[in-house]
Each structure stands twice: as C-alpha cells, then as structure tokens.
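Hi everyone, thanks for making time for this one. I'd like to walk you through a few side chains on the next slide, so please have a look at it while I talk.

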Amino acid sequence: MLVERDATSSGVQICAALTRNESMARSVNLIPSAEKQDIYEIVAGHANAEFSKLKLDWTLERDDVKKAAISVVYGGTHKTAYEELQESINKRFDEEPKGFQAFWGVLSQTMAGVMQVEKYVGAMLNELSSA
C-alpha cells in the first residue's frame, strides 16, 4: 500500500492496512483524499457532536483525543484511555460517565481496525502462553 502523505498515526496506519479498514485508512492518509485527514480531529469532532446530543458542555480538542487514542493504539486499555482523557480535559468522568461512554464509542468505531488487531494479538498471546 502506498502512503501518499505523512501519517497522523503510524500505529493506526499499520492496523488499517492489516485489517483493510478503508475508512480508518482514509482517516490516516493511506488512501488519498482532497484534503489531508487527521484521525484525532475526526474523533474529536464526532465526540463533540455526541456530547452535544447528551447536553454535556464538553469540547475536545485534537490533543485531548491524541493522548487517549495513542494509549489504545499501543496496548492501552479502556481504563488507560479513560485516565488519559480525564487528565487531558480535567473532567471527572465518575460524575458524568455517559461522557466517557460517548467518547469510547466514537473512538472504538473510528479505530475499529485497531481494536480488531489488538483482539487478535491478545488471543494469540493467550494461546502462546497456555502452550
């Protein structure tokens, strides 16, 4: 697969290529588009739309999303993303759990290929450790 533009996240690019996830590949510039894409901006935009639907006065910026997303790309868990995002935006999710649930839903959908690769690798590691 030819990379036309600089990566917004090489880990996501690798997962997009492995899973042939076209939407995710486009969001990290593996597939050419008229404008450079940025997966962190995409996630922030979708999450902010969800927050608005939930009537939460929250706004995520690209860098807020990046810390949480990168933690997941490189083996972090739901809990790791929770902690990274909570620290970034200085919100207490235990007071508004639906906010993090909305974010996690957007992140999981946008980065579905990452979740798929991590599930596969985890299963392989479990199989190897039990052998």
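Let's begin with Tyr120, which sits in helix H7, the helix covering residues 112-130. Please keep in mind that this is a predicted model. So, is Tyr120 buried or exposed? With a relative accessibility of 55%, Tyr120 counts as exposed, because the cut-off for that class is over 50%.

Together with Val121, Met124, Leu125 and Leu128, Tyr120 makes up a nonpolar surface patch. The accessible area of these residues together is about 510 Å².

Now over to the charged side chains. How many salt bridges are there? The count comes to 7, taking a Lys or Arg side-chain nitrogen within 4 Å of an Asp or Glu carboxyl oxygen as the rule. I'll show you some of them.

Take Asp38 and Arg62: their side chains meet in a salt bridge, with an N to O distance of 2.5 Å. What does this pair tie together? Asp38 lies in the loop between helix H2 (22-27) and helix H3 (39-53), while Arg62 belongs to helix H4 (residues 62-73), so the bridge connects parts that are 24 residues apart in sequence.

The two partners fall into separate accessibility classes, if you look at each in turn. Asp38 has a relative accessible area of 17%, so Asp38 is buried, the limit being under 20%. Arg62, at 21%, counts as partly exposed.

A salt bridge joins Arg62 to Asp63, and here the closest N and O atoms are 3.6 Å apart. Asp63 is exposed, at 52% relative accessible area.

One more pair before I stop: Glu83 and Lys79. Their closest N and O atoms are 3.5 Å apart, and they form a salt bridge. Where do they sit relative to each other? Both are in helix H5 (residues 78-89), and because they are 4 residues apart there, about one helical turn separates them. Glu83 is partly exposed, with 42% relative accessible area, and Lys79 is exposed, with 55%.

That's my tour, and I'm happy to go back to any of these residues with you.

Technical notes. Residues numbered from 1 in each chain as written. Predicted model: local features only at pLDDT ≥ 70, side-chain atom pairs only at ≥ 80, totals over all residues. Heavy atoms only, no water. Patch = residues over 30% accessible without salt bridge, like charges linked within 9 Å, V, L, I, M, F, W, Y side chains within 5 Å. Areas by Shrake-Rupley, 256 points an atom, 1.4 Å probe, with all protein chains shown as cover. Helix = DSSP H or I, 4+ residues; strand = E, 2+ residues; numbered from the N terminus. Buried < 20%, exposed > 50% of the residue type's maximum accessible area, 1.4 Å probe, protein only.
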